[in-house]
Amino acid sequence: MKQRIITAVVALIFFIPLIILGGIPLQVLAALMAGVGVYELFNMRGLEVKSFEGVLAILGAVLLVLPKETWFSFLPENIDNLALYYLIVMIILMVPVFSKNSYTFDDAAFPVLVSLYVGIGFQNFIAAREAGIPVLMFALLVVWSTDIGAYFCGMNFGKNKLAPHISPNKTIEGAVGAVICAIVVAAVYLMFWPLSYNMIIMLVLTAVFSIVGQMGDLVQSAYKRHYGVKDSGKILPGHGGILDRFDSLLFVFPLMHLVGLF
């Protein structure tokens with residue numbers, strides 16, 4: 001527990017100033033975290049990230065994260081990040097042609113899906129910050145309060161398992177408590193920093209974001225269970241890897257974008 005607290009404090013001391021600063025420093029951090037996320041997923045599956053497809057997967061995720069207007073402004077106006085990413089996808093799909101059937105289409109699907117999952121998530125993290133600190137902080141507070149609510153409600157009231165085949169410690173009571181906690185925190189936050197929609201709509205969306213965030217956590221738990229690992233990585237002592245900390249946010253940020261919050 002002490003190690004977890006120290007890591008969290010150090011991370012926040014480093015992370016919060018970059019959120020406030022925004023711009024290129026935060027974009028570089030997001031790209032680095034995306035690269036680490038790809039590495040963690042490759043490592044979970046027992047694949048070498050220094051392989052040809054591993055390098056391409058990291059490059060694809062980074063191309064999705066870094067804003068075109070800042071990093072690729074020299075390209076024609078009609079070229080966007082998705083077009084750059086699809087170039088990487090095409091190269092990955094070409095690998096089976098030159099591998100004499102030792103590398104299949106199914107094999108190619110893994111680096112493509114990994115880079116898309118991680119890249120789009122961190123791309124929307126940057127987009128949320130560019131929409132304003134209040135938008136980004138709203139997402140962070142919803143996810144953090146969801147985690148805290150799930151832990152305390154599950155510990156004190158949890159009786160019925162939520163998904164025992166994936167995450168034995170999670171309970172239905174904890175999940176419900178997490179949503180309630182997120183709504184309460186969001187209500188207080190929105191009184192001072194209102195966002196795009198009125199309070200009622202925002203609280204309904206908060207409940208949805210809390211549920212989706214928990215699903216993102218379960219998705220990552222399912223991956224780890226499938227590959228037989230406890231944590232996605234070891235970069236954050238006491239907390240695991242980047243994906244262990246951002247699994248919920250990688251689902252919440254794209255959904256926030258889809259509903260028009262940024």
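1. A disulfide is taken here as a pair of cysteine sulfur atoms within 2.5 Å, and by this rule the count comes to 0 disulfides. Cysteine 153 is in no disulfide, since the nearest cysteine sulfur, that of cysteine 181, is 6.9 Å away. Cysteine 181 is likewise in no disulfide, and the nearest cysteine sulfur to that residue is that of cysteine 153, 6.9 Å away. With a relative accessible area of 23%, cysteine 181 is partly exposed, where buried means under 20% relative accessible area, exposed over 50%, and partly exposed in between, computed with a 1.4 Å probe on protein chains only.

2. On the basis of these values: this is a predicted model, in which local features need pLDDT of at least 70 and side-chain atom pairs count only at pLDDT 80 or more, whereas totals for chains, interfaces and linings use all residues. Residues are numbered from 1 along each chain as its sequence is written, and side-chain values use heavy atoms, with hydrogens and water left out.

3. How many salt bridges does a search of the whole structure find? The search finds 2, a salt bridge being a side-chain nitrogen of Lys or Arg within 4 Å of a carboxyl oxygen of Asp or Glu. One of them joins lysine 170 to aspartate 217, with the closest N and O atoms 3.3 Å apart. This pair links distant parts of the chain, with lysine 170 in strand β2 (residues 167-171) and aspartate 217 in helix α9 (residues 199-227), 47 residues apart; helices (H or I, at least four residues) and strands (E, at least two) are DSSP runs, numbered from the N terminus. Lysine 170 counts as partly exposed at 26% relative accessibility, while aspartate 217 counts as buried at 17%.

4. Another salt bridge is formed by aspartate 244 and lysine 224, whose closest N and O atoms are 2.7 Å apart. Aspartate 244 lies in helix α10 (residues 242-246) and lysine 224 in helix α9, so the pair ties together parts that are 20 residues apart in sequence. Both aspartate 244 and lysine 224 are buried.

5. The second largest pocket holds about 180 Å³ of space. Of the 13 residues that line this pocket, Pro67, Asn81, Gln123, Ala127 and Glu130 are the closest to its centre. For the terms, the search runs on a 1 Å grid over the protein atoms alone, and a pocket is an open set of points where a 1.4 Å probe fits, with protein on both sides within 12 Å along at least five of seven lines, lining residues having an atom within 4 Å of a point. Grid points are joined across faces, edges and corners, and the volume is the space filled by probe spheres set on the points.

6. Which helices supply at least two residues each to the lining of the second largest pocket? They are α3 (52-65), α4 (68-71) and α6 (105-131), and the largest share, 5 residues, comes from α6. By class, the lining divides into 6 nonpolar, 4 polar and 3 charged residues, where Ala, Val, Leu, Ile, Met, Phe, Trp, Tyr, Cys and Pro count as nonpolar, Asp, Glu, Lys and Arg as charged, and the others, Gly among them, as polar.

7. Two serines deserve a remark. Serine 145 lies in helix α7 (residues 133-157) and is buried, with a relative accessible area of 6%; its side chain reaches the backbone oxygen of leucine 141 at 2.7 Å. Serine 210 is placed in helix α9 and is buried, with a relative accessible area of 0%. Serine 210 and alanine 128 are 82 residues apart in sequence, and their C-alpha atoms are 17 Å apart in space.

8. Helix α8 (residues 172-192) contains glutamate 173, which is partly exposed, with a relative accessible area of 21%. From C-alpha to C-alpha, glutamate 173 and methionine 202 are 23 Å apart in space, and in sequence they are 29 residues apart. Methionine 191 is also found in helix α8 and counts as exposed at 58% relative accessibility. Methionine 191 and lysine 230 are 39 residues apart in sequence and 39 Å apart in space, C-alpha to C-alpha.

9. Histidine 257 has its place in helix α11 (residues 249-258) and is partly exposed, with a relative accessible area of 41%. Along the chain, histidine 257 and asparagine 124 are 133 residues apart, and their C-alpha atoms are separated by 7.1 Å.

How values were computed
Polar contact = N/O pair within 3.5 Å; in protein donor to acceptor, adjacent residues only side chain to side chain.
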